[in-house]
Every structure is written in structure tokens, then in C-alpha cells.
Amino acid sequence: MLVTELALGVGPAGDGHALRATHWVFRNQSFCRKLAASIRTRLQAVATNWREGQIVECLVILVQRLWFVGQTVEVIKEAQELMLLVRNITNNWIRLLRREISNAINLETAQTRSRDSLHAALLWRKTFVLEAASSDPGFEHAAFACFLECAFTIKDNLSLSEKGDMNTMPAALRRLYVGDLKLLQSLEPRIRWSLQNVQMAVSAAVNSVWTDAVGPSARSFSRWT
């Protein structure tokens with residue numbers, strides 16, 4: 001929590017540079033490279049452990065800082081690659097958790113894993129800040145299929161009370177959820193465009209969350225719009 005709060009703060013104005021007191025260190029390219037390398041190592045260490053959601057949330061914030069305030073093309077490109085690595089990791093977490101929920105031996109375990117899935121999916125969706133900043137009118141096929149699978153996961157794992165009142169969520173999840181709604185608003189034109197123009201991605205996303213709907217068992221669909 002301390003690292004997260006420090007990363008989110010900006011601090012007082014410094015020497016007139018665009019980066020304020022908290023972020024002046026991002027002008028040092030050696031620091032940025034070492035930070036990126038440390039983040040990559042840590043992400044790889046937790047890649048198969050969906051219980052490390054809080055650590056990944058902190059790492060995502062640090063990656064965003066690199067991406068937003070990085071001073072060179074090299075740093076920005078590295079941050080984008082790290083964001084895509086987070087996307088792949090959280091996507092894999094969701095698929096692992098989907099099996100955990102299906103195989104849960106009691107309701108309490110299923111509900112706990114569902115909450116873990118919601119947390120992972122909200123972290124997953126934070127990576128689509130890349131598409132929100134893009135000048136492209138919509139998503140590429142793979143990114144849109146991934147985005148929709150994430151959206152289905154969030155919807156499936158929100159409880160009935162949370163769908164009607166986000167104040168029933170734990171504070172940490174509520175903070176992520178509010179940020180997610182803001183990101184969705186910025187992505188809305190791209191989502192509409194992609195629903196019209198990248199329809200195969202919709203089918204791929206539906207098949208990805210439909211049990212056993214892969215390979216020869218994959219379902220085919222008519223136009224979605």
C-alpha cells in the first residue's frame with residue numbers, strides 16, 4: 001500500500017520541469033531501465049500465482065508511471081511490453097480460476113475464488129489503457145477478443161448486490177471498479193467500432209468462456225449486430 005500511494009502521488013512542483021517532486025527520478029534513464037527489469041522479474045515470479053493480485057496491482061501502477069512519464073521511446077516501449085505481459089498473466093489467472101470455481105467443493109470456496117477472479121479481471125482491464133491512448137478507431141482482433149473475455153468475467157463475478165450498489169464492495173475492489181468505469185467510458189467509441197468491424201473477435205471471446213468450446217467443439221455464430 002505504501003509503494004502504491006507513493007507512486008500515485010505527484011508532490012510539490014520542482015525546478016519547473018513537467019515531472020514534479022515525486023517523479024523527478026523518472027528523468028534518469030538508468031533508473032527507468034532498472035525499474036522495468038525489476039518489474040519484469042517480479043511479474044514472471046508470480047505469473048502462475050493468482051493469489052498475488054495485490055502485488056500485481058502495485059506493479060501495474062509502477063508500469064503506468066513508466067509509460068506516462070517515461071522520457072524516451074525506449075522506456076515507453078518497455079512499459080508497453082510490460083503492460084502486455086500483465087495482460088497475459090491476468091488472462092491466464094482468470095482461466096485457472098475458472099477451473100477452480102468449477103471444481104470448488106463448497107459454496108464458500110466458489111465465492112472466494114469468484115472474488116479473486118473479479119480482482120484479477122479488473123487488473124486485466126487496466127492494461128487496456130494502451131488501446132485507450134491509441135489513435136486507431138478500434139481494437140485489433142486479438143486485443144478485442146481479450147477485452148470481451150475480460151468484460152464477461154467481470155460481469156459473471158459481480159455479486160447481485162454489487163451490481164446494484166458498488167458501495168457493498170470492499171474498498172480496494174471499489175477503487176479498481178471506479179477506475180474501470182472511467183476507462184470504459186474512454187473506450188466506448190472503440191468498442192462500438194470494433195463490434196461492427198471485428199465480429200470474429202466476439203465469437204472468439206464467447207467460445208473462450210464457454211466450457212469446452214475450443215477446437216472442433218467451438219461454436220459458430222451469425223452476425224452479432
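Student: Does C146 count as buried or exposed?
Tutor: The model is predicted, so local features require pLDDT of at least 70 and side-chain atom pairs pLDDT 80 or more, whereas totals for chains, interfaces and linings use all residues. Residues are numbered from 1 along each chain as its sequence is written, and side-chain values rest on heavy atoms, with hydrogens and water left out. The classes are buried, under 20% relative accessible area, exposed, over 50%, and partly exposed in between, with a 1.4 Å probe and protein chains only. Because its relative accessibility is 10%, C146 is classed as buried.

Student: How far is the sulfur of C146 from the closest cysteine sulfur?
Tutor: A disulfide is a pair of cysteine sulfur atoms within 2.5 Å, and the structure holds zero of them. The closest cysteine sulfur to that of C146 belongs to C150, and the separation is too far for a bond, at 7.0 Å.

Student: What is the relative accessible area of C32?
Tutor: C32 is another cysteine to consider, and this residue is buried. Its relative accessible area is 1%.

Student: How many salt bridges are there?
Tutor: The criterion is a side-chain nitrogen of Lys or Arg within 4 Å of a carboxyl oxygen of Asp or Glu. By this rule, the number of salt bridges is nine.

Student: Which residues are linked with R40 in a network of salt bridges?
Tutor: R40 and E81 meet through their side chains at 3.7 Å, N to O. This pair links distant parts of the chain, 41 residues apart, with R40 in helix 2 (residues 29-45) and E81 in helix 4; helices are DSSP runs of H or I of at least four residues, numbered from the N terminus. R40 is partly exposed at 24% relative accessibility, as is E81 at 36%. The network joins R40 to E78 and E81.

Student: How far apart in sequence are the parts tied together by E131 and R87?
Tutor: The closest N and O atoms of the E131 and R87 salt bridge are 2.8 Å apart. Because E131 lies in helix 6 (residues 129-132) and R87 in helix 4, the pair ties together parts separated in sequence by 44 residues.

Student: What is the relative accessibility of E149?
Tutor: E149 forms a salt bridge with R98, with the closest N and O atoms 3.4 Å apart. The two residues link distant parts of the chain, 51 residues apart, R98 being in helix 4 and E149 in helix 7 (residues 141-157). R98 is partly exposed at 24%. E149, by contrast, counts as buried, with a relative accessibility of 2%.

Student: What is the C-alpha to C-alpha distance between L84 and L130?
Tutor: L84 is placed in helix 4 (residues 73-102) and is partly exposed at 38% relative accessibility. L84 and L130 are 46 residues apart in sequence, and their C-alpha separation is 9.0 Å.

Student: Which element gives the largest share of the lining of the second largest pocket?
Tutor: On a 1 Å grid over the protein atoms alone, a pocket is an open set of points where a 1.4 Å probe fits, with protein on both sides within 12 Å along at least five of seven lines, and lining residues have an atom within 4 Å of a point. The second largest pocket has a volume of about 320 Å³, a volume being the space filled by probe spheres set on the points. Of its 12 lining residues, the closest to the centre are Q64, K126, L176, G179 and D180. The largest share, five residues, comes from helix 9.
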